[in-house]
Amino acid sequence: MMFLLDSHCDAPLMLAKGADFGRRVEQGYTPGKFPITHVDFRRMKKGGVNGSFFAIYTSNALQPDAATRRALELISRVYDAVERNLDLVSLTTTPSQARRNARNGLISIFMGMENGAPIQKDLSMLRMFRRLGITYMTLTHARSNEICDSCTSPEPRWHGVSPFGREVIAEMNRLGMMIDVSHISDESFWDVLKYSKAPVVATHSCCRALNVHPRNMTDEMISAMAERGGVIQINFYPSFLDSDYNAKVSELIDVEEVTQVEWLKDPSDPALQERMRAAVEAMNAVPRPSYRKIVDHIDHVVQLVGVRHVGLGSDFDGIETCPDGLEDISRMQKIIIELRRRGYSESDIRLIAGGNFLRVMETVQQMAD
Ligand SMILES: [Zn+2]
């Protein structure tokens, strides 16, 4: 049976803004319309999605207590949304539970934590978040934190993983939590591979060989991760997928990011709303790469390390724009159709669609003490 899995989306951000996932939140993609959401439970069902990891994301700008509070808030929103829609979804922490849910026609909602800031410098907080249902942790986000450096930090703080970060890695191994290397610096990545006893995952990253971007992984990194049994889940963000597109929009993205910081401080201010809308519209005016680019990145990984180390990590609801043809989660089958068109066998497609990620998750959980 095919298990179609998305290893990373930022849907909890939309839940925190009040979106009702039991209803169709947005009729797909409307150019220039804001806010654009990419995920809800009904569109997941339409896209044939069996499981999705909802990211409990905190910004590196939040001070430790605020990050912890924000993480708890997002987790509570996910709990509430799942509880209100038990006919559609089930909160899930293990692959066997996920497969059982799929047989019963339920979509599995997993939680991952994006940025380790909410655990502060306290391993018992890590254990608490694990108990709350967090199954992976992206060690940091756009800036360095107490655990390691980010690939987009202006200056490295640790030149890799910090001494506390080494303790976090050991404890995550012990707890059977997956370590997510998306967003971390190259130096941090190599440290993680050195210290982690279990395979690691990149829940939403692309290939640097196809687009030189610090968020994308080099062939050496992908090969080393695969050798240790890990998996790279291809991100749908057009700027990571396509170098021409990225060159055209990088300046516009900077404007959008600065505007968003202002807008988030006071989302009800009409002037800020208008500036935010205009920033998104300017980006939407640039022609977007086709969703087939996602499959180009999959092809690249398959040629490099074989079919057992790649999957899908959309980053939906965390990205400003989507590839042409894949504007929301309801269109996920297009990737499956494109994989078939390129000659992948059904068993290979099952691995890419979710089998690989579930296998790594199972391994990591089985290695737990
Ligand atoms: Zn991310």
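Two residues are taken to be in contact if their C-beta atoms, placed from the backbone, lie within 7 Å. The structure is a predicted model, in which local features need pLDDT of at least 70, side-chain atom pairs count only at pLDDT 80 or more, and totals for chains, interfaces and linings use all residues. Residues are numbered from 1 along each chain as its sequence is written. Helices (H or I, at least four residues) and strands (E, at least two) are DSSP runs, numbered from the N terminus.

Isoleucine 184 lies in the loop between S6 and H7. When its neighbours within four places in sequence are left aside, isoleucine 184 is in contact with Leu139, Thr140, Cys148, Asp149, Ser150, Cys151, Phe189 and Val192. A residue counts as buried if 20 or more other C-beta atoms lie within 10 Å of its own, as exposed if 12 or fewer do, and as partly exposed in between, with C-beta atoms placed from the backbone. Isoleucine 184 is buried, because 31 other C-beta atoms lie within 10 Å. A separation of 30 Å is found between the C-alpha atoms of isoleucine 184 and arginine 277, which are 93 residues apart along the chain.

Cysteine 151, one of the contacts of isoleucine 184, is located in the loop between strand S5 (134-138) and H6. Cysteine 151 is likewise buried, with 21 other C-beta atoms within 10 Å. Residues up to four places away in sequence not being counted, cysteine 151 touches His183, Ile184, Ser185, Asp186, Pro214 and Arg215. The C-alpha atoms of cysteine 151 and aspartate 20 are separated by 34 Å, the two residues being 131 residues apart along the chain.

In helix H7 (residues 186-195), the buried residues include Ser188, Phe189, Asp191 and Val192. These residues lie on the same side of H7, because they cover an arc of only 165 degrees around the axis; the arc is that of the directions from the helix axis to the C-beta atoms. The cover over the buried residues of H7 includes helix H6 (163-175), strand S6 (178-180) and helix H8 (219-227).

A one-sided arrangement is also found in helix H4 (residues 95-103), where Pro95, Ala98, Asn101 and Ala102 are buried. The buried residues of H4 fall within an arc of 115 degrees when seen down the axis, and therefore line one face of the helix. An α-helix has 3.6 residues a turn, so residues three or four places apart point the same way. Ser96 and Arg103, on the other side of H4, are exposed. Strand S2 (51-57), strand S3 (89-91), strand S4 (107-114) and helix H14 (346-366) pack against the buried residues of H4. Glycine 105, which follows H4, has a positive phi, near 75 degrees.

Two helix pairs were examined. The axes of helix H5 (residues 123-132) and H6 come within 10 Å and cross at roughly 35 degrees. Axes are lines fitted to C-alpha atoms, for helices over the stretch in contact, and angles run from 0 to 180 degrees between N-to-C directions. The crossing of H5 and H6 is right-handed, a crossing being right-handed if the near helix is turned clockwise from the far one by less than a right angle, and left-handed if anticlockwise. Leu123, Leu126, Arg127 and Arg130 of H5 meet Glu167, Val168, Glu171 and Leu175 of H6. This contact of H5 with H6 comprises four nonpolar, no polar and four charged residues; Ala, Val, Leu, Ile, Met, Phe, Trp, Tyr, Cys and Pro count as nonpolar, Asp, Glu, Lys and Arg as charged, and the others, Gly among them, as polar.

In the second pair, the axes of helix H12 (residues 292-305) and helix H13 (residues 333-341) come within 10 Å and cross at roughly 55 degrees. H12 and H13 are therefore oblique to each other, given that angles under 35 degrees count as roughly parallel, over 145 as roughly antiparallel, 65 to 115 as roughly perpendicular and the rest as oblique. The crossing of H12 past H13 is right-handed. Arg292, Ile294 and Val295 in H12 meet Ile335, Glu338 and Leu339 in H13, a contact with four nonpolar, no polar and two charged residues.

Glutamine 120 has a positive phi of about 55 degrees and is placed in the loop between S4 and H5. Glutamine 120 is partly exposed, with 17 other C-beta atoms within 10 Å. Histidine 159, in the loop between S5 and H6, has a positive phi near 55 degrees and counts as exposed, with 12 C-beta neighbours inside 10 Å.
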